[in-house]
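Work through the exercises below with the sequence and the model open. Each task is followed by a solution in steps.

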Amino acid sequence: MANNETLIEVKNLTKIYKLKKRAKVTALNGVSFDLPKSGMVFFLGKSGCGKSTLLNVLGGLDSFDGGEIIVGGRSIKNFTSKESDTYRNEYIGFVFQENNLLDGYTVAQNIGFALDIKKQSGYDDKVNSVLESVDLKDFADRKPDSLSGGQKQRVVIARALVKNPEIILADEPTGALDSDTGEEVFNLLKEISKNKLVIVVSHDRLSAQKFGDRIIELKDGKILSDSSPLTDGDYGKAENISFGGGKSGLPAKRVCSFGFGILIAKPIRLAFCVLICLIAFVSFGVSDAFSCYDRQVALWQTMKEYSTPCIIYEKYNYEYKDTYNPIGNFGLKRSDYEVLKSEVKSSRLDIAYLGHCPDIREYTVNKNSDTFFSFTGFSEIDKSLVDDYGYTLYGKLPTSYDEVVLTKFTFNAFKKYGYTDGVSNKQINVYDDLIGCVITNGYDIYHVESFKIVGILDTLFDEEYYGGHIYRDEDVSDVVVSRYNHLKRNCTHNLIYLAPGYHENVVLNFWEWENNEENHGRIDFAYCPFKGSDSSTLSNIRLEEKVYDAGDGIHYSRFRTAGDITYLIDQVNYEMRFLKPLFFWISLGTIILSALFVLYYSSGVIAEKKRDLGVLRAMGASRADVIKIYIAQNGIFVVSLVLLATIFSAVGVVIVNANLAATLGVSAVLVSYTIRQFAILAAIAVGAVVVGIIIPLIKLLCAKPVDLIAGRK
C-alpha cells in the first residue's frame, strides 16, 4: 500500500448481540486496527467470526457496545442522527453481497438515488460516467431483473462510486458469482482502491492474496493475524472531517416517484384493496347522505333542481307542537305579513290576495275543462317584479285597474281549450291571439266588471316536472291530482296580475264600511324570489320551524312554506323516518370496514418494504426522507381512493335518489352528496392510513439499517 494518511482508527471495538432465550454472543471482542485512506484491505475468517458485523459497524449500519471508531479524526460513536446519515451518504459506499437493488427502478435510477440524497447536480452526466467506468453504459434503462449476477454487482459498485465516497465497504461481493465474473469484480475494486479505501469481507483467501494490499484475519471476534499492520509513525493522521454540514434529502419529485413505486409494487393486492375500499366508501357515502336526510334541505334542493322561481309562505296551525298535523290555512293578517317581511332575507316580499277572480271555464270552448285552471287570486305587478323573479313579459304591464296580465300557464290552458266570449269562439295559438281578449269578473262586487288582457307573463312553470299531465284530458293518478290541488292553491302560476294599488284602491275602498282586512283584504300567501345559489335561501325556508302558542291550546306555525314541492317533501317524511336509522347503521358498518382495509393495506406495504427502507438508509437517506416517502405513497393512495369514492358516491346518491323518488311517486331531490360525506371519507381514509403506518413506521425507523436489510425487524 502506498504511504498515506490514516483514515480509520479502531480501538478496542466490542459488539455483543443479545439473542432471545439465548446467552449473549460477543461478535467483536476488543478489536483494534488502523486503516489508510487508500488501498484494498481484506477481512477474512469463517462464518460467525465477526467480519460482517465489523463491516456493518464501520459503515454505520449497526451500533457497537464498546471501544471507539474514529474516522477522519471524528469518533462516530456519538454521532447525531443527522451526522450518521451524512456519514453514510457522503463517506461510505456499500457493495452488498445480495446487491440489494431496488427492483422497480432502472439501473440509472438505482444509481441516481445516491445523488438524489446528496442533492448533487449533473445527475445524468454523473450516472452515465460511472456506468461507463463499470462497463455498463448501455444498461442505464434496464431493470435489475434483466441483468446477470455480475452485472448486478457492477451496478451496486457504480451506485457506491457515483457519490464519490471516501470508503467502499464490500460484503462478500463475489460470493454468488462464478470465478470469472468474480475476478472481474475484484479487478474493478482493485482499480478503485488506487484512490479510495476499499474494505472487503470475504471467504476467498486466494482472491485476497491476489488482490489485497493487506489481509486481516478474524476468529471468534478477535484479530488472529494482520499481514501489514500499521505502526505509530508510519502514517500521519487525517484532518478532522465535518459531518452533517451539507444539504441532503430526497427531492419532492423523487419522493413521489419512490412512493408511487411502492404503491404499485403489489398491483393485485392494490387493486383488491382499492375495489373493497371503493365499495365500502361508496356504500358509506350513499348511506350517510340518506341518513342525514333533512326535510328543509330536501325542499331547498328540489326547488333548486326544478328551477322554482319563488318561495311561498302561508300561515298554518298544527294540532300538536312536535308533530306536523296541519288542520287549516288561515291566511296571513297584515301583522303577520310585517313580521314575515322582517325575517325573510330577501330584497322583496310580495302578496297574493284571496280574490273573487274570473273562472277560466267561462271563457273556454270546453265548458267542462279542468277546474284546476281557475285563478287562485291576484297579485300586483310592476317591472321590478318581472326582473327580480327572472320572469319574461310579452306585451305590456297593466296601467289601469281594468287591465290584466295572465301567465303562460293560463295561456296554455286557453291554447288547449280555446277562447270564447259567449258569442264567438277563437282558437288560441300564439300570445297575440289572447292579448286584447276580455275576461269578466265573476263577481261584480269590486266594480270592475271586466279585464282586458294586455300581457302574458312567463312565470317559469316547469311543465316537464309535471310529466305533461296538466294539459291532458285523460285520468291521472291520485298522487298527480293531489299535487295539482296543492299547486292550484299555493302557486304564482295561476294568479292574475293587476296594476299596483288595485287591492288598496279598489278592493278595500269598496268595502270601507266593513272590516276590510278580515273579510276582503285577506292575504292568501306571501312570496319572494328563490335564489338557489344563495345560502341565505335555506334559512328563509326554515322560517316555517318557528312555532308559537296562541294560548288556546293549539300550537300555530307562524309561517309555512307552501306549494306543490312542499307537499311532495311532506309525503317523503314518513318513509324517511324509518329509512334514516337503517341508512345510519349501514354507513357506520361500511366505514368501519373500509377503515380496516385501508389499515391492512398501509401496514402491509410497510412490512414488505423493510429491505428497500434499509437500503435507502444505508445510502444515507434520513428518517425524514423515509417518512416523506411513505406519506407520498399513502397520500397518492388516499387521494386517489377518496376522489374515486367521491365520484362514485355522488353518482350513487343520484341513482339511489332517483329510484327512491320514483318508488315514492315523487319528483324530488331527497338527498344530496355534500361536503360532509367527502370530509368524513377523507378523514377516515387519512386516519386509517395514519394508524396503519405510524406504529410500524416508528418501529422501523428505530431499527438499525442492517436489521432492515436483513428483514429482522
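Helices (H or I, at least four residues) and strands (E, at least two) are DSSP runs, numbered from the N terminus. The model is predicted: local features need pLDDT of at least 70 and side-chain atom pairs pLDDT 80 or more, while totals for chains, interfaces and linings use all residues. Residues are numbered from 1 along each chain as its sequence is written, and side-chain values use heavy atoms, with hydrogens and water left out.

**Exercise 1. Describe the second largest cavity: its volume, its lining and the element that gives the most to that lining.**

Step 1. A cavity is a set of points on a 1 Å grid over the protein atoms alone where a 1.4 Å probe fits but cannot get out, and lining residues have an atom within 4 Å of a point. The whole structure holds four cavities of 30 Å³ or more.

Step 2. The second largest cavity has a volume of about 60 Å³, counted as the space filled by probe spheres set on the points, which are joined across faces, edges and corners.

Step 3. Its lining consists of Gly-93, Phe-94, Phe-96, Val-156, Arg-159, Ala-160, Lys-163, Ala-618 and Met-619.

Step 4. At least two lining residues come from each of β6 (92-95) and α5; α5 gives the most, with three.

Step 5. Sorted by class, the lining has six nonpolar, one polar and two charged residues. Here Ala, Val, Leu, Ile, Met, Phe, Trp, Tyr, Cys and Pro count as nonpolar, Asp, Glu, Lys and Arg as charged, and the others, Gly among them, as polar.

**Exercise 2. Characterise the packing of α3 against α5.**

Step 1. Two packed helices are described by the angle between their axes and the distance between the axes. Axes are lines fitted to C-alpha atoms, for helices over the stretch in contact, and angles run from 0 to 180 degrees between N-to-C directions.

Step 2. For α3 (residues 107-118) and α5 (residues 149-161) the angle is about 30° and the axes are 8 Å apart. α3 is therefore roughly parallel to α5 (under 35 degrees; over 145 is roughly antiparallel, 65 to 115 roughly perpendicular, the rest oblique).

Step 3. The crossing of α3 and α5 is right-handed, that is, the near helix is turned clockwise from the far one by less than a right angle.

Step 4. With contact meaning heavy atoms within 4.5 Å, α3 contributes Val-107, Asn-110, Ile-111 and Ala-114, and α5 contributes Val-155, Ala-158 and Arg-159. Five of these residues are nonpolar, one is polar and one is charged.

How values were computed. On a 1 Å grid over the protein atoms alone, a cavity is a set of points where a 1.4 Å probe fits but cannot get out, and a pocket is an open set with protein on both sides within 12 Å along at least five of seven lines; lining residues have an atom within 4 Å of a point.
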